[in-house]
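Thank you all for making the time this morning.

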Amino acid sequence: MCGIAGVLNRNSEPVPASLISSMASVIAHRGPDGEGLYFDAGFGMCHRRLSIIDISENGHQPMVSSDGRYAISYNGEVYNFKEIRTELEQEYGVRFRSQTDTEVVLEALAHWGPQCISRFNGMFAFAFWDRQKETLLIARDRYGIKPLYCFDAGSFFAFGSEIKAILKHPKVSAHVDSNALGEYFTFQNIFTDRTLFEGVKLLPAGTFAFVSAKSTGLQKLTTYWDFEFQEPLKSHSEEEYLEELDRLFRQAVRRQLVSDVELGSYLSGGMDSGAITALTAETYPYLKTFTMGFDLSSASGMELAFDERAKSEAMSYLFKTEHYEMVLKSGDMERIMPELTWHLEDPRVGQSYPNYYCARLASKFVKVVLSGAGGDELFAGYPWRYYRVIQSAGFDEYRDTYYRYWQRLLNDSQFSAATQPMAKNLKDFSARDAFSSVFKKHSDQLTRAEDYVNHSLYFEAKTFLHGLLLVEDKLSLAHGLETRVPFLDNDLVDFAMRLPARLKLGNIENPTKVNENEISKIHRTSDGKLILRKLMRRYIPEEVTSREKQGFSAPDASWFRGDSMKYVEKRLLNAKSPIYEFLDKGTITSLVQDHLQGRENRRLLIWSLLSFDEWCRQFIQTSDVASSRPKVIRTTQSTNQPIVGIA
């Protein structure tokens, strides 16, 4: 896993080596094992290397083809690279100089063009330069596990694994994208290709595009893959589905164990990470596992169940892993906010600071860690969401109901009041339109409960899962740690999308309109992921597979009213907070006080406000913000001197 960045000047003016070097330096944490630079005419790109496969000098990047025509800066892992390598050797007589997947991707693109991208089973983002045509091919993996940000100023095009690399360009400055901010404070996520940084776009998952030295904009932006959850034309027995799921799950985990360095696994008290750990432990005796716990001495209500250390320790004992854990306290959030925000850059779903600490813990022992992400989104792990819409009368009612549910932070009326200071910049903004844009493909003839469930799975894979993956990428690579997600193996995903919804969700065959009280009860049941639960009983105890769904979250609702209250008040009730250049202080104060005084649980909103406050202090240049910006300095020592390739 690595970091990439670069600049293409469309006037053919040489790209300064100092610029590309500074872009590499600011993302050095992503690749502490080496640095490489490449230049050609008006193009320059860099690479920071985290050595995982073929850790020798042969794997250094940017990598240039043997004929000198092509160069690639690549971030990721393609797990089926050995099969593709064999095909290239047999069909074209390619002679490889390394054992890396990078060189396989380079040669596949050189011989087959972008059509081969759909064959890559893994996670990746890359920039592929064709020196002869003066064109740059950029691409992301199917699911968006690896990010790639772009900034097109017309006269130049800049890209990077992280936005902070693009900000190193002297003609790029940080300004708030009002529409993106509107999306964030509605959904606690951004559904379009925007980011909080005006002009900086995120290349959509499952797409590739060309950038030419001779014309502006992205050329031939192509969606080469998309999620498609649908009922199978021919149904099989549950036993047949179960056996095939077993085969594909084992295959997915086995594929993702390829590594020339030691790997470990996250191990919560749940079944997804538990099953991955169980299978991995068959190959890795005394596998290292990691979990995060929480001090619950000041927690209350449902938050008293948030600590899963005892459950993970029990599975560690069962699988004989070498287990490590860390306990977070209320003050741990405050002390990490500047560093966390600098790495996260573009806030997305949920309270992410526990993930940051957990990645830091794992990075002290391994360079690769396996995660259970994706299991919920593929196998209907959030039943209380789907039951809200399961009896909708057509797509419009379904969309409107789901839109109201996904307003995680501010509903329409709250949003209008809270964003008054930037209302003129939001005159063309519609949160509903941003929500609707996710459903590029849908049927107006939705008649079955299964149709609504499958539409919901599509929506959540495109938005919620994508947000989780972006957060995981930033926070793991902040510590030079690669996170792998076996549930997002291509073959396993393709199979999961064709599973009948009745094998995932318990009450779908006899659906009823569920009221709010019933939804709350469903939240605390083990409904959802039914066939996956049956499979997991082959690997982990039944008591684990039958547990209620438990998210990975700290008891922030209690902490914000207790130990962290002074921090919340200092940041959010302060008239000089930079957020009040964009948000209405009276409205925000009222909403925050609702939580502090116990009238409402607004922990998600408070976290997002704190994140935006810190984000402004880190990145936005205003008089008040600049004077209060903390000094966040990151340095990473490379084990190798920069490798400069000049074509």
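Predicted model: local features only at pLDDT ≥ 70, side-chain atom pairs only at ≥ 80, totals over all residues.

What is the mean pLDDT of the chain, and what share of its residues reach 70 or more? The mean is 89, and 90% of the residues reach 70 or more, where pLDDT is the predictor's confidence in each residue, from 0 to 100. One stretch calls for care, namely residues 622–647, where the pLDDT is below 50, although in the model this stretch has 56 contacts beyond near neighbours in sequence, a contact being heavy atoms within 4.5 Å.

Residues are numbered from 1 along each chain as its sequence is written, and side-chain values use heavy atoms, with hydrogens and water left out.

Let me begin with the overall picture. The chain has 26 helices and 18 strands; these are DSSP runs numbered from the N terminus, with helices being H or I of at least four residues and strands being E of at least two. Of its 647 residues, 62% count as buried, where buried means under 20% relative accessible area, exposed means over 50%, and partly exposed lies in between, with a 1.4 Å probe and protein chains only. Among contacts in the chain with a separation of 6 or more, 73% come from residues 24 or more positions apart.

The largest nonpolar core holds 201 residues, and the members that touch the most others are I117, F120, F126, F185, F249 and Y353; by a nonpolar core I mean a set of buried Ala, Val, Leu, Ile, Met, Phe, Trp, Tyr and Cys residues joined through side-chain atoms within 4.5 Å. Helix α25, residues 603–619, gives this core its largest share, which is ten residues. If we look at F249, and leave out residues up to four places away in sequence, we find that F249 touches A275, I276, L279, F487, L492, L535, M536 and Y539. There is also a second, separate core of 19 residues, including Y38, A125, L148 and F157.

Next, the charged residues. Side chains of opposite charge can pair when their charged atoms come close. A search of the whole structure finds 43 salt bridges, each one a side-chain nitrogen of Lys or Arg within 4 Å of a carboxyl oxygen of Asp or Glu. One of them joins K164 to E162, with the closest N and O atoms 2.8 Å apart; K164 is buried at a relative accessible area of 4%, and E162 is buried at 0%. Another joins R348 and D346 at 2.7 Å, N to O, with R348 buried at 3% relative accessibility and D346 also buried at 3%. Through shared partners, salt bridges join R30, K146, E162, K164, E345, D473 and K474 into one network. In the bridge between K329 and D332, at 3.9 Å, N to O, K329 is partly exposed at 43%, whereas D332 is buried at 5%.

Finally, some details of the backbone. Most residues other than glycine have a negative phi, and most peptide bonds are trans. Here, the peptide bond from Q61 to P62 is cis, with omega near -5°, and P62 lies in the loop between β3 (43–49) and β4 (63–64). A41 has a positive phi, near 50°, and its place is in the loop between β2 (34–40) and β3. K320 has a positive phi near 55°, lies in the loop between α8 (309–319) and β15 (322–328), and is exposed at 56% relative accessibility.
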